[in-house]
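Below is a brief report on one chain of a predicted model.

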Amino acid sequence: MIDVFQDLGNGFSVALTPTNILFAFIGVVAGMIIGALPGIGTVVGVSLLLPLTFDMDPTSAIIMLAAIYYGAQYGGTITSVLINMPGEAATVATTLDGYQMALQGRAAKALGIATIGSFIAGTVGVIVVTLLSPLLTTYALRFGPPEYFALILLGFTALGAVAGSSLAKGLTSVVVGLLLSTVGLDIMSGRSRFTFGEDWLISGFSFLLVAIGVFGIGEILDGMMTPGGHPIIKTSLSWRSSLPSAAEWVRSRWAIVRGTLIGLLVGALPGAGSTLASFIAYSVERNVSKHPKEFGKGAIEGVAAPESANNSASAAAMIPLLTLGVPGSGTTAVLLGGFLLWGLRPGPLLFTQHPDFAWGLIASMYIGNVMLVLLNIFATPLFASLLWVPYAIQAAFVVLFSVVGAYSLNNNPLDVVVMIAFGILGFAMKRLDYPAAGLILGLVLGPLAEKSLRQSLTLSRGDWSIFFTRPIAAVLMVLAVAALLWPLARKALVRSARNREMRNVEREVQRSGGEE
Amino acid sequence: MLILEREGTVRIAEIVAALCVALFGATTIALASQLPYGADYGPGPGFLPFWLGITLVVLSAFLLRDAVRTPSDADSAEDPDAASPAPFFHFVPGAFTPWLIFVVSTVTVSLLFERLGFALSTGLFMLVTMRWIARQSWRSTILFAVVTPIVLYIGFVRILKVPIPLEPVWF
């Protein structure tokens, strides 16, 4: 144990050199900008800057890249809250309440609680990575396809939260999203599905294109119907306004704790990632909340939970990378490439062979967190003030950034057209109250869900009971089914109680009327 | 106890949407049936899309039902803050033309982005938007139309090294 702290101290001394602090700072700022730009996600951002690090000292390079990773997470949050455009799949859950808070003039609060939650979760995440990696790795190794499927089902319960008033519409969005995710090459069989012979559909619909279109463009097309856009109540923008009030803090603090925990458990699983973690955290929070009806209308816990989850998940995603050499997410896969580029082999030996690097990285994750908080306390008012720009001008820039972002994915002008098509779909969905988040939920979780399902059934040779005979999977399945059915059960219970009340009242009225 | 009765509104758009969902579902079923349902190793590529298609058709029935029926008293008592549905196209007077211009220019810039090149399409888009939608003066408009492509160029091409179509009009 003492060893660990000694090593960590060593790591801090490495990370706190002026050069490395500078790199961390550059990384965080660059990451925030990258994360905020639609179409340029973390993976793209990290891979764009990776070649620049070829000549750098590996420790400095990984510090900068990790800082970009964190910064980009936060950048995605900024756009999710301010313009309802998730910069990252992991920040889709944040749009649900964050944007509503912005419309109510509480944008600074939303960003503030996101920062605080992210910081706490990120810090805890780093500590866990430091101390508990072996434990989490053992736990992660017990997750096979049935467990993954059950976990994703748990993620789909966020649908209940996302659906709002009409479950049918919510389900429709998710199912359409799932169908969209099946377009392209089917890895397991090698056949291409629904591509109609078009080559560019082989890789399917990219999340980014759909998200920019449905969320960003759709939102703008809807907003432009009113001159001045959606009426946003403008409030003070001092940094103090981003701190939660006492009441808000009471509501958020357990959300942060739960979100952090969920993020750690889900993020440590390779392939699961911060997106799944954020959706599960949102869903869980709504199910345990005393104010479930406020979710989707600006509940502060609705921002705190997913934001904490996606940060601790990002930290936890490093665990399989560092301990097993297996990347936990797309971004860590790029980081893995970086490791190899610099001649380092990730895995159990990394800590013994290159302690400076490994512990320097962990220390820098902590420093990155601190920097983000400082940066955002001062930058949040600046970002929130962007809302004061006339809506039409905002809209124009969003369109331009989206077009460039969409084009930049593959140098393919068709991608831009696809994005706009989704924009029109998003507009229609918005007018008709079909939740866009549901579409994204299906699109993002679809591939992993289908793969796990098929792998599980292959393992069990077609026996569906495999989901209930394996202990972890069984527990998760029961939780998922319960979470899916609980809101319906609750509604039915409330309705029957109310009907009973009404009948009692009617009887009273009749009786008193009859007596007169 | 008086419960205000809410006017039932039948929205043509909702019905159309429900029918579209049904159509989409049916098409999916048809297309998915052409894919192998099972495989040696387990469910095949057609398995999931087929069932998703069926789900969509079932859902469209619910959607259609919801679109046509009058909301009951129980519903409105339970969810008193559910706003009565707004019509599909709801424009504040004077907002329609700018909106239409915006939609047309957005679609145009997307279609012609590569053809015209980044500078021209960005410049033209800003020109149209600033002048006719944001109602800025000609001076601001020209300023935006010229400066924006330059700024975006520096940001995206120079700093981020993102691929952008520079042809056919560039310096």
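Chain B has 6 helices and 2 strands. Read from the N terminus, its elements follow the order α-β-β-α-α-α-α-α. The chain has 171 residues, and 29% of them count as buried. Among contacts in chain B with a separation of 6 or more, 62% join residues 24 or more positions apart.

Now the helix pair. The axes of helix 1 of chain B and helix 2 of chain B cross at roughly 165 degrees and come within 8 Å. Because angles over 145 degrees count as roughly antiparallel, helix 1 of chain B is roughly antiparallel to helix 2 of chain B. Their crossing is left-handed. The residues of this contact comprise 20 nonpolar, 5 polar and 1 charged.

Next, the partner chain. In chain B, 58 residues are in contact with 48 residues of chain A. Several elements of chain B each supply at least two residues to the side that touches chain A, including helix 1 (12-33), strand 2 (42-43), helix 2 (47-68) and helix 6 (138-159). Helix 4 of chain B gives the most, with 11 residues.

The table sorts the two sets of residues by class.

Terms used: Residues numbered from 1 in each chain as written. Chains lettered and ligands numbered in written order. Predicted model: local features only at pLDDT ≥ 70, side-chain atom pairs only at ≥ 80, totals over all residues. Contact = placed C-beta atoms within 7 Å. Helix = DSSP H or I, 4+ residues; strand = E, 2+ residues; numbered from the N terminus. Axes fitted to C-alpha atoms, helices over the stretch in contact; angles between N-to-C directions. Parallel < 35°, antiparallel > 145°, perpendicular 65-115°, else oblique. Left-handed = near helix turned anticlockwise from the far one by under 90°. Nonpolar A, V, L, I, M, F, W, Y, C, P; charged D, E, K, R; others polar. Buried ≥ 20, exposed ≤ 12 C-beta atoms within 10 Å, placed from the backbone.
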